[in-house]
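Visitor: Please show me the structure, and let us go through it by question and answer.

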Amino acid sequence: MSSTKLNSEGVLLFEQPFVRVPYENYRKVFRATQRNIERELGNVQTVSNDLLKRSKSREVNLEDAAKSVDGMIGRVENLKRKLSELQDTAGKPTLDVTRERLQHLMAVETLQTTGSLDFSRWADTRLDRWLVDWALRTGRENTARTLAQDRNIETLVDIDLFTDIRRIELALSKHSCTEALAWCSENKTALRKIKSTLEFELRLQEYIELARDQKKQEAMAYSKKHLVSWQETHLPQIMQAATLLAIKPSTTCGPYRRLYDDSRWLDLIQAFRLAIYNLNSLPTEPLLNLALYSGLASLKLPSCNDKSSHNIDCPVCDPSINTLAREVPFSHHANSTIVCRISGKIMDEDNMPMMFPNGQVYSREALEDMAAKHNGMVTCQVTDQKCEFSALKKVFIS
């Protein structure tokens, strides 16, 4: 088995989302924990200060003081219970996933060559992960779950995340912003950091739907509550939306017709997907596609676009992969490598190119084998021209 030195840094280039997703999940657990602590301990602090103030002025009796202390103890015990439940249901499972994923990546750093059996196993697991990722992104959730269970890699793939994405996108396709707005609320701080306008677009769409239904009073109230706070950055859109109250959905006026257009829901789905991908450092393309792009870019030649010169052993020429290959640039080769379209072997000084009278070139080994089977006659694979092997000319590569 041939082997080359393993470039672990190159291998890990694709793995940022692999660790980032559980990291973001644990940040949510941390924020929920922080909110609970601030709320409950804040109330305890308020009651404690009030009790201290009243005791200094001798305005409190022992019975009231005992009730206040019992109340504080109850709040602390309730906080302890909530934090314990949060840790058991979300915190510990997320930490376990993070630990297992980091151990999976650390295994690469201990490997020396790509030809080792351990790396082969690791690469097989990585391919399974990429296939699950592809299935999830293309709506094949059952396939993804089955593959993950069969390969025992449930903790190494993001089925729950994509299930959540699917649920919210399905709601948006049914013209409901409720689920997406709830997600925005959970991730408000992170969305603000990346300067996402998703929440505004969702609020604007809910306002548009009220205007579409001619619910003018509700629309104005909704605008005051949810749109006015965005006026520093979105005043032109808010002013245009306000005009919708005087314009019916049947309008032919371009700007307002676009606001009423149902295609806005498709735009919202794309905007939501882009936002959640950004928060989790997920690429917009499946990881499998990105890996294929890098390989195809190193193989693609101008001849790959010519159907007459397709090579059955060339991945770029394969009909099932050629669609992806169209999107990558041609590879740069300082020295050309000529491959025989009959045998798929490289033509060099040990396997010289042989040219037919019509100019088509094939390898000597392939043509000698063909001549041996057909009484010294060879056939061009492109034009079907037949000639004797002795009529072929050697081609020297310079």
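Predicted model: local features only at pLDDT ≥ 70, side-chain atom pairs only at ≥ 80, totals over all residues.

Visitor: How many aromatic pairs does the structure hold?
Guide: Rings pair if their centres lie within 6.5 Å. The count of aromatic pairs in this structure is 6.

Visitor: Is the pair of Trp183 and Phe272 stacked or edge-to-face?
Guide: The ring centres of Trp183 and Phe272 are 5.2 Å apart. Planes over 60 degrees apart count as edge-to-face. The planes of Trp183 and Phe272 stand at 85°, so the pair is edge-to-face.

Visitor: How many residues apart in sequence are the parts that Trp183 and Phe272 tie together?
Guide: Trp183 belongs to helix H7, residues 178-186. Phe272 belongs to helix H13, residues 263-279. The pair therefore ties together parts whose separation in sequence is 89 residues.

Visitor: Are Trp183 and Phe272 buried or exposed?
Guide: Buried means under 20% relative accessible area. Trp183 has 4% relative accessibility. Phe272 has 0%. Trp183 counts as buried, and Phe272 also counts as buried.

Visitor: Which residue forms an aromatic pair with Phe356?
Guide: The pair is edge-to-face, with 5.6 Å centre to centre and 85° between the planes. Phe356 is buried at a relative accessible area of 1%.

Visitor: Over which ring does the charged end of Arg129 sit?
Guide: Arg129 is placed in helix H4. With 5% relative accessibility, Arg129 counts as buried. Its contacts include Glu15, His104 and Ile153. The charged end lies 4.1 Å from the centre of a ring, that of Phe18.

Visitor: How far is Arg137 from the ring centre of Tyr277?
Guide: Arg137 lies over the face of Tyr277. The distance to the ring centre is 4.8 Å.

Visitor: What is the helix content of the residues that UniProt annotates as "coiled-coil region"?
Guide: The annotation comes from an unreviewed UniProt entry and covers residues 62-89. The end C-alpha atoms of that stretch are 40 Å apart.

Visitor: How far does helix H3 reach from its first C-alpha to its last?
Guide: Helix H3 spans residues 62-109, which is 48 residues. At 1.5 Å a residue, 70 Å is expected. The value in the model is close to that, at 65 Å.

Visitor: Where does H3 bend?
Guide: The bend is about 50°. The residue at the bend is Gln87.

Visitor: Which helices are among those covering the buried residues of H3?
Guide: The buried residues of H3 include Met72, Leu79, Leu86, Thr94, Thr98 and Leu105. In an α-helix there are 3.6 residues a turn, so residues three or four places apart point the same way. The cover over the buried residues of H3 includes helix H1 (8-11), helix H2 (16-56) and helix H4 (117-137).

Visitor: Is Asn152 buried or exposed?
Guide: Asn152 lies in the loop between helix H5 (141-151) and helix H6 (159-173). Its phi is near 60°, a positive value in a residue other than glycine. Exposed means over 50% relative accessible area. Asn152 has 61% relative accessibility, so it counts as exposed.

Visitor: What is the phi of Ser281?
Guide: Ser281 sits in the loop between H13 and helix H14 (287-299). Ser281 is not a glycine, yet its phi is positive, at about 55°.

Definitions and conventions. Residues numbered from 1 in each chain as written. Heavy atoms only, no water. Phe/Tyr/Trp six-rings, centres within 6.5 Å; stacked < 30°, edge-to-face > 60°. Helix = DSSP H or I, 4+ residues; strand = E, 2+ residues; numbered from the N terminus. Buried < 20%, exposed > 50% of the residue type's maximum accessible area, 1.4 Å probe, protein only. Lys NZ or Arg CZ within 6 Å of the ring centre and 35° of its normal. UniProt positions renumbered as here; feature names shortened; annotations may be inferred. Expected span 1.5 Å × (residues − 1). Bend = angle between axes of the 7 residues up to and from the residue. Contact = heavy atoms within 4.5 Å.
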